[in-house]
Amino acid sequence: MDTALIRNFSIISHVDHGKSTLSDRILELTGAVDPRFMREQYLDSMDLERERGITIKAQNVRVVHRGHVLHLIDTPGHVDFGYEVSRSLAACEGAVLLVDASQGIQAQTLANCYQAMEHDLEIVAALNKIDLLAADPERCAAEIEKVLGLPADEILRISAKTGDGVGTLLDAVIERVPPPSGRRTSATRALIFDSSYDQYRGVVSSIRVFDGTISTGERLRFMQAGAVHDVEEIGVRTPDSVAVDELGPGEVGYLIAGIKNVGEARSGETVTRASAPAAEPLAGYRDPKPMVFCGIYPIDGDQLPFLRDALDRLKLNDSSFTFEPESSRALGFGFRCGFLGLLHMEIVRERLEREFDLSLIATAPSVAYRAYLTDGSDVDVDNPVDLPEASRIDHVDEPMLDITILTPAQYTGTVMELCQARRAELSRMEYLSPERLELVYRIPLAEVVKDFFDQLKSRTKGYASLDYEPAGYSTANLVRVDLLINHVPVDAFSTIVHRSSADNYGRRMTEKLRELIPRQLFDVPIQAAIGGRVVARETVKAKRKDVLAKCYGGDITRKRKLLERQKEGKKKMKNIGRVEVPQEAFISALRLED
Amino acid sequence: MTAGYAAYAQPSAREMRRQVPTSRSGGSPFGVYVHIPFCRERCDYCAFATYSDRDHLMRSYVEACVEEIERAYGSGDLPPASSVFFGGGTPSRLPPEDLVTILRAIPLKEGAEVTVECNPEDAQIERLSVYASAGVTRMSFGVESTLEHVLATLGRTSSASERADETGGSVPEMLADDVRQVGFKSWNLDLIYGAASETHEDWHDVLVGVVSMSCPPPHLSLYALTVELGTPLASDPSRYPDDDVQAERYEYASAFLSAHGYVWEEISNWALPGHACRHNDLYWSQGNYLGVGSGAHSHVDGRRWWNMRTPERYIRAIKTGSSPVAGEETLSEAEREFEELALSLRTRRGVPESALPTAPADLVLREGGRAVLNVRGRLVANDLTARLVTGAAL
Ligand SMILES: Nc1nc2c(ncn2[C@@H]2O[C@H](COP(=O)(O)OP(=O)(O)OP(=O)(O)O)[C@@H](O)[C@H]2O)c(=O)[nH]1
Ligand code: SF4
Ligand SMILES: [Mg+2]
């Protein structure tokens, strides 16, 4: 195929600004999907995506417009899935920046856009939703010009809903986005920018060929993994998968090569022809590192093997989360899992429950602390119970973020208040326009993990947006708060917090547990402690009455059955410091923490 | 207060063991329970199989009971009854002659204990005399409370206090007088504690009023008000009893009664020496008994069965010659063992010490190889029952 007729572009925008809807219009306009089979957000194929109305995984599709082949990649807007965006950008020469004209540009979009510019991608900016009464394209265009330096008069105005301006947008893509530059005769180099696992076909990878060609049946070398696989099938998505014999330079498509584990076909991998390999791989990108951790346990211990199996299978599709076995006195056996962010955590958990029919409980999310010990060594601690004894610790560092918040100016006060309460330090503040403000803070990740996003949204009626990137570590006065039932610590509730909020956490949890732990035959102290020092205490008073008053007319059967049940129930209780606690009590306590 | 009864010492553990009835051997006690499912009005807390709108069934019900007894005894393997208990419902609601008709159908052992439950308003001399002359030895009166406001929040109406007023005494005094006149050997009075309007002082007054009479009841059943599903009480949370309050009432009553010579027999039962209820003890010692009438439960040697719950269906079954049994179970060896221990733990006999290894020391008295619940232990008997160890450990 003549590379001059190819255009590769991503659509980047904030959550809900209309990427998937625009993709729908493009599919229709170019006749890619039979109108009879058209449905909204056509490319969002996961149940979860369709239900939540969000894109979780990037999707690519090939369409034809005015004699040109366009490869478009729809990306997720949520900040947790930012890595998906950067992968997509690496496969393109251009990007459509889509901004909701009633909202203006958002923090995350800005970050993605800077990234696209760094990679020399051509940006085609478009204001979407101009059909809305609340749309203010003038202001938005001025803002984009100010922060991104894109001339306001080149910014298109479209409605992905009505289809207004979509044709013009495609024309602009053809005109402005440069065609790919690779040559057929060069040594083959193709970039894997996404992989997913299909039950029947194994790993299906999305690839972008930069140089040379790939043909069916030929042997490929995966340069980073060092493995060799034969091409079983290559093809393009139109959006239905259509097998082809060859993918040439500049083309985007899929590759199936008999691979059983997505870990062997990681995003960022360069594939080359085994018989005539390229000298250098393409510039890859780093796999994102998990930032948020929690324990995930089956509510019913018998489901443990199924959970393991489910995690294995999910990992086939999502190499960005990690897990390893862990055990808890309160919750039994489970896994310590790492995620890119809270939404990612929520989504993985929901997929586990839904796609694998499991009932799960998760411990409170934690971040990875680094403890420096008095003997000069250091340890990473992503589970609070692993924090060494206070006497062995010299100091503890916590992971930091640089966060960018874009907010309407009238909420500046409340946003700054929130940031201050979360130990954030202001690094920069700038007006994007008289009405909108950019605030940049350095903040402990742990504070963001704790419902920061929800708080930000509710304080600004949903108008503020947030972007973040890792910003190293800082030392802080961090302590571990343990919860003790009858003087025995309950691991599932141990948490590392800043000293200033330790007492508060202790009080909250002891109160909660007092309500949830059933009364025993003796008084049960519930304490929150830092090291040996108790910071909060409650007592579950001994139960005084648990007896059947009467057995009427010799009905012993009912009574016996009741007692047998109680005896069975006792067996199922978790025993912590002689206290019998039903697992549900722990589960509710963790749920309430959510 | 009471002059006649000194505080009796608790019997020693050895004595207690001797009193264990040998329920499975021949010549052992055998009871007959007769269920009378009629009441004048349903009390708010009551979930028993009883009805206030079916008095028209009484005649055929009595006939059915007689027939069920004859059938049961016709087979020839049942021993004569060492105890008979008419419960309900309100047995005293039957015309006394009808009750006697049923009683006459039951073969009795020499010296059998025959108890009739009676609502205080039915306790006229004439009725009680008919009972006594037919062989009834023991009356059990469902007084529940001597205080009008307590009865009101219990949702129990009684006209007994009017008659008592005429005699110038309390209801218990009136009953004691009736019992003495007719000459029953023994009698019981039921009380309920934990009603919403009942204060600690009320409870004290009720106990004192009953125990300090010149002839106090030699047997007392004290029941904690219990919320049963589907009752009017259950749909009125404002009247729910509080566990801690009930525990206090129980402890208070327990101390009070033992100071007045009553011996604790079973969770909810106390008796002056020699007045324990033999029939009740059959239940607690896994003894054998035949239940007659609708909803009645029977037990013989590890097999338990029960009759249809409504009187109509029960009568129809008997009249058509079919079985009135609605369900049954045969206990496995393990179930039987657990049941025996669970029941025994409720009584002053307790269980072998080795059967209750993990109970906190302050809830259990351990003496002579037996573990017996003390007052606080009795209040959490369910929890302790769940700790019973069966099998090899014994
Ligand atoms: N009025 C109007 N609504 C639009 C337009 N474009 C999209 N929407 C609506 O905006 C909402 C979000 O659209 P999506 O296409 O799912 O947004 P998205 O950017 O793909 O969202 P994520 O994938 O979650 O980042 C949907 O309810 C769309 O119907 C438009 O031009 N006009
Ligand atoms: S009199 Fe007894 S059996 Fe009848 S309704 Fe009242 S509590 Fe129930
Ligand atoms: Mg989308």
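User: Is Arg578(A) buried, partly exposed or exposed, and how many other C-beta atoms lie within 10 Å?
Analyst: This is a predicted model. In it, Arg578(A) is partly exposed, because 15 other C-beta atoms lie within 10 Å, while the buried class requires 20 or more.

User: Where is Arg578(A)?
Analyst: Arg578(A) sits in the loop between strand S32 (574–576) and strand S33 (579–581) of chain A. Its phi is positive, about 70°, although Arg578(A) is not a glycine.

User: Is Lys129(A) buried or exposed?
Analyst: Lys129(A) is buried, because it has 24 C-beta neighbours inside 10 Å.

User: Now peptide bonds. Which kind joins Thr238(A) and Pro239(A)?
Analyst: That bond is cis, with omega about 0°. Pro239(A) belongs to the loop between strand S12 (233–237) and strand S13 (241–244) of chain A.

User: What about the bond from Gly88(B) to Gly89(B)?
Analyst: The bond from Gly88(B) to Gly89(B) is cis, and its omega is near 10°. Gly89(B) lies in the loop between strand S2 (81–88) and helix H3 (96–105) of chain B.

User: Lastly, how far apart are the C-alpha atoms of Ser238(B) and Ala196(B)?
Analyst: They are separated by 7.7 Å, although the two residues are 42 residues apart along the chain. Ser238(B) is exposed, because it has 6 other C-beta atoms within 10 Å.

Terms used
Residues are numbered from 1 along each chain as its sequence is written. Chains are lettered from A and ligands numbered from 1 in the order in which they are written. This is a predicted model: local features need pLDDT of at least 70, side-chain atom pairs count only at pLDDT 80 or more; totals for chains, interfaces and linings use all residues. A residue is buried if 20 or more other C-beta atoms lie within 10 Å of its own, exposed if 12 or fewer, and partly exposed in between; C-beta atoms are placed from the backbone. Helices (H or I, at least four residues) and strands (E, at least two) are DSSP runs, numbered from the N terminus.
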